[in-house]
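Here is a short briefing for a reader who is new to this structure. Start with the sequence and the model, then read the points by topic.

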Amino acid sequence: MRGPFCLICGHNMKSSSVYQVISILLTFIFAFLVAANFGTYHKPEEANLMKKQLLSELEKKSGELNSTDPGLEFFRSFQSSIELSLTPQNYKMHSLYRIIGCFISLLGIVMLRRKKALGLHLVIAGIIFVVFTGFYVFGFTLIGWVFNILYILFGGLVSLYYYSKRELYA
């Protein structure tokens with residue numbers, strides 16, 4: 001026997017409590033993401049500071065390479081990508097899209113905590129919205145991947161976890 005079972009629904013109570021703890025943690029994480037993106041939405045000029053810091057670091061690294069190194073072309077393409085796409089307008093629009101997507105995912109997590117199956121669809125839809133709008137704003141260049149890779153990994157893990165636990169809320 002794996003552990004105590006609930007007499008009413010027959011589910012393993014230990015896994016149910018872990019599910020509740022993870023759901024509460026994810027509620028706080030998505031609420032934090034909404035708040036953090038709300039802060040960056042109101043300060044789009046941070047994009048200029050980020051651009052300046054990234055470009056100065058890339059200049060240092062590309063200065064260390066000789067002119068025949070194939071990595072030099074990579075640095076130059078990354079620099080042009082940063083110069084073209086990392087603007088305050090794009091940064092502000094990207095933050096707005098992330099606020100919307102993370103809020104949709106937050107609503108989905110709250111619904112999953114209440115054992116509503118629609119919550120899984122909202123979580124996945126919110127994450128997909130954040131990722132696709134991130135690529136829409138910054139393109140499929142390296143800067144677009146930099147801004148989206150953590151959301152892709154985090155969203156994939158959250159989606160897989162809740163998909164594997166769908167018998168708890170079905």
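K115 sits in the loop between α4 and α5. The model is predicted. K115 is not a glycine, yet its phi is positive, at about 65°. K115 counts as partly exposed, because its relative accessibility is 30%.

**Overall layout**

- The chain has six helices and zero strands.
- Along the sequence, the pattern reads α-α-α-α-α-α.
- The chain has 170 residues, and 37% of them count as buried.
- Take the contacts in the chain with a separation of 6 or more: 70% of them come from residues 24 or more positions apart.

- The axes of α4 and α5 come within 6 Å of each other.
- These two axes cross at roughly 170°, so α4 is roughly antiparallel to α5.
- The contact of α4 with α5 has 20 nonpolar residues, nine polar residues and one charged residue.

**Helix α4 against helix α6**

- Helix α4 covers residues 88-113, and helix α6 covers residues 142-164.
- Their axes lie 13 Å apart and pack at an angle of about 10°.
- Angles under 35 degrees count as roughly parallel, so α4 and α6 are roughly parallel to each other.
- On the α4 side, the contact is made by Y91, H94, R98, C102, I109 and L112.
- On the α6 side, the contact is made by F147, N148, Y151, V158 and Y162.
- By class, the residues of this contact are eight nonpolar, two polar and one charged.

**The nonpolar cores**

- How many residues are in the largest nonpolar core? This core has 22 residues.
- The members that touch the most other members are Y19, F30, C102, I109, L112 and Y162.
- Helix α5 gives the most, with six residues.
- A second, separate core has twelve residues, including F75, L86, V137 and I143.

- I109 belongs to helix α4.
- Is I109 buried or exposed? I109 is buried, because its relative accessible area is 0%.
- Setting aside neighbours within four places in sequence, I109 is in contact with S23, L26, T27, F30, V123, V158 and Y162.
- I109 and Y162 are 53 residues apart in sequence. Their C-alpha atoms are 9.4 Å apart in space.
- L112 touches Y19, G119, L120, V123, Y162 and Y169, not counting residues up to four places away in sequence.

- F28 lies in helix α1. F28 counts as exposed, because its relative accessibility is 57%.
- F28 and L106 are 78 residues apart in sequence. From C-alpha to C-alpha, F28 and L106 are 8.7 Å apart in space.
- L84 is found in helix α3, which spans residues 71-85.
- L84 counts as exposed, because its relative accessibility is 69%.
- L84 and F138 are 54 residues apart in sequence. Their C-alpha atoms are 9.0 Å apart in space.

**The salt bridge**

- How many salt bridges does the count give? The count comes to one salt bridge.
- E57 forms a salt bridge with K60. The closest N and O atoms of this pair are 3.4 Å apart.
- Both E57 and K60 lie in helix α2, which covers residues 46-64.
- E57 and K60 are three residues apart, about one turn of the helix.
- E57 is partly exposed, because its relative accessible area is 41%.
- K60 is exposed, because its relative accessible area is 53%.

How values were computed:
Residues are numbered from 1 along each chain as its sequence is written. This is a predicted model: local features need pLDDT of at least 70, side-chain atom pairs count only at pLDDT 80 or more; totals for chains, interfaces and linings use all residues. Side-chain values use heavy atoms; hydrogens and water are left out. Axes are lines fitted to C-alpha atoms, for helices over the stretch in contact, and angles run from 0 to 180 degrees between N-to-C directions. Helices (H or I, at least four residues) and strands (E, at least two) are DSSP runs, numbered from the N terminus. Angles under 35 degrees count as roughly parallel, over 145 as roughly antiparallel, 65 to 115 as roughly perpendicular and the rest as oblique. Contact means heavy atoms within 4.5 Å. Ala, Val, Leu, Ile, Met, Phe, Trp, Tyr, Cys and Pro count as nonpolar, Asp, Glu, Lys and Arg as charged, and the others, Gly among them, as polar. A nonpolar core is a set of buried Ala, Val, Leu, Ile, Met, Phe, Trp, Tyr and Cys residues joined through side-chain atoms within 4.5 Å. Buried means under 20% relative accessible area, exposed over 50%, partly exposed in between (1.4 Å probe, protein chains only). A salt bridge is a side-chain nitrogen of Lys or Arg within 4 Å of a carboxyl oxygen of Asp or Glu.
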